[in-house]
Amino acid sequence: MGVRNVYVESITPVVSCGNVVLYQTQSRFYETPYETEPTTGEHDFTTCEGCQETMLDIETKLTTRFNGEFEDIPAFPDCCEYHAELKGLAAFTIDDFRGVPQMTARKIIYTKQHIKNNHARDDYYKYITDYIDYTICSFGQMPNKAMPLYLDVYYEHIIDYLENHGEEIATDRKTKLLKYIGFYRTPAEKVEPDLDAQIAIYEKWVSIFPFELRQYFGNIKSTFESHLPYLHGPAEVNIFSGVPTFKAYTKQTLVQHLCDLTIAMLRKVNTHQLVAHGIIPDINRHQFELAGAELRFRDDLIFKEFSQDESRYVQTIQKWLDNQRIYFGNITPLLGTLALGTPKEQWSSLNTHLSPSQCEQLHEELTRDGYFMPADTSKDHFCFAFGNTSNVDGYAPLQWNRSKNALYELIELLNDGMVSNQQKKDTGKLFLNNQGKPIGKLPNPHKDQFSSDRMQLETITDRIKTRPPQQ
């Protein structure tokens, strides 16, 4: 990489819940250009006369321009108003740019060769656009409105190659690559993320969502309160530079995410199943809690302002609360004739003799590896299910994301090879399957037929059992 200098123009604290959580800076960057490496394949520019001639021609023309020998255009950096401003930077030296004509010629040929050799790959789009990204970054950065030196020439040559040459490349693939380069060449107006505004949007959603209905949502509110909405999706690593990139939320994409998240979370609630299986044992108390949640929700509508986009998740929550109220109103007259579920006082844990610290480690490892969903799995409820802690208020069954055999094996490994009939029975009440339905009594697995999770579960339980219980 080239030499990078950062010019910080402003530093602004970002506040969440009354605390400064980070500082947002406005900065300009100056980075000198650097060399890239070619990729190899069937076509080899080193033995291709056409590539060698084109590379020499580009180098000659750009060297002429660099030295001020092209028409009436002065030599770099006086070639334009913005490049001329570089002379005012202490970090600027002309020697960092003398090799740019040669580097640019090579980068153009390298990119053409890369496209020619890889356009037919199944993953052609990422493999080619990652190389284009890698190359564009190598032209460096200017701290003002100037384009990096001769990056415009690079664009022109790659666009010309895709539009007028490369006959062997499928038309739809050419179009996608041209569109990608077009985004670079004529970027949309840059919108800096407004972190204060995003935090306010997120905190408003956390406030209005009915997390207080713990039979539905457990204790996950604290998880969302500690999460700050800056980046979405995993990092994407460039194949050639190794540099990870993240997508930052804008106000619009954050609100869309919250709308999608609201629907996903509410859709997972199966109220009828929760009532039928005794997970909501006291209907009158639950109606009282539901009325409180609805009152708090309607108060928020009075005292807080929601944008037109935010009103989409508000309407979703409102319709859902209305539906819950109607449901409980419909079933209340039937309660005297139905025997519903198991009251919470009769919940019993698996009593695997794990200490609280071992239970917490087991919770961390199983949720991290996707056996349970972290956002849906209360640590207190988890420790009750697997340990010998006292009962918890409003226990919500845990969703197991693997097979029944895998759950049997987990309990067996924690119990040194024993699973009692009582544990197989209790499991049916303590856990839901990955469709959100009670998992039912565990069957005995077929002999010598281990689940695909067996080896990983053995590794996890070995770590748990060798941990000192009081640590």
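**Exercise 1.** Work out what span helix H14 should have, and check it against the end C-alpha atoms of this predicted model.

*Solution.* Start with the count: H14 covers residues 356–368, which makes 13 residues. The expected span is 1.5 Å times one less than the number of residues, so H14 should come to 18 Å. Now check the ends: the end C-alpha atoms of H14 are 18 Å apart, which agrees. After H14 comes Gly370, with a positive phi near 85°.

**Exercise 2.** Find out which residues of H14 are buried and what covers them.

*Solution.* The buried set includes Ser357, Gln358, Cys359, Gln361 and Leu362. His363, Glu365, Leu366 and Thr367 are buried too. Their cover includes helix H15 (379–386), helix H16 (404–414) and helix H18 (454–466).

**Exercise 3.** Sort the buried and exposed residues of helix H1 by face.

*Solution.* First, list the buried ones: Cys51, Met55, Ile58, Leu62 and Phe66. They cover an arc of only 70° around the axis, so they sit on the same side of H1. Next, look at the face turned away from that buried side: there you'll find the exposed residues Glu49, Glu53, Leu56 and Lys61. Finally, ask what the buried residues pack against: helix H3 (100–118) and helix H5 (151–164).

**Exercise 4.** Which residues touch the most other members of the largest nonpolar core, and which elements build that core?

*Solution.* The core has 41 residues, and Phe97, Tyr154 and Leu162 touch the most other members. H1, H3, helix H4 (124–137), H5 and helix H6 (171–185) each give two or more residues to this core. H5 supplies the largest share, eight residues. Apart from this core lies another, of 36 residues, among them Ile208, Leu213, Val275 and Trp320. As background, nonpolar side chains in soluble globular proteins tend to be buried together.

**Exercise 5.** Classify the ring pairs Trp205–Phe211 and Tyr216–Trp320.

*Solution.* Take Trp205 and Phe211: their ring centres are 5.8 Å apart and their planes lie at 85°, so the pair is edge-to-face. Both Trp205 and Phe211 are buried. For Tyr216 and Trp320, the centres are 5.4 Å apart with 75° between the planes, which is edge-to-face. Tyr216 belongs to helix H8 and Trp320 to helix H13, so this pair ties together parts that are 104 residues apart in sequence. These four residues belong to one aromatic cluster, along with Tyr202, Phe209, Phe217 and Phe224.

Conventions:
Residues are numbered from 1 along each chain as its sequence is written. This is a predicted model: local features need pLDDT of at least 70, side-chain atom pairs count only at pLDDT 80 or more; totals for chains, interfaces and linings use all residues. Side-chain values use heavy atoms; hydrogens and water are left out. Helices (H or I, at least four residues) and strands (E, at least two) are DSSP runs, numbered from the N terminus. Buried means under 20% relative accessible area, exposed over 50%, partly exposed in between (1.4 Å probe, protein chains only). Contact means heavy atoms within 4.5 Å. The arc is that of the directions from the helix axis to the C-beta atoms. A nonpolar core is a set of buried Ala, Val, Leu, Ile, Met, Phe, Trp, Tyr and Cys residues joined through side-chain atoms within 4.5 Å. Rings of Phe, Tyr and Trp (its six-membered ring) pair if their centres lie within 6.5 Å; planes under 30 degrees apart count as stacked, over 60 as edge-to-face and the rest as tilted.
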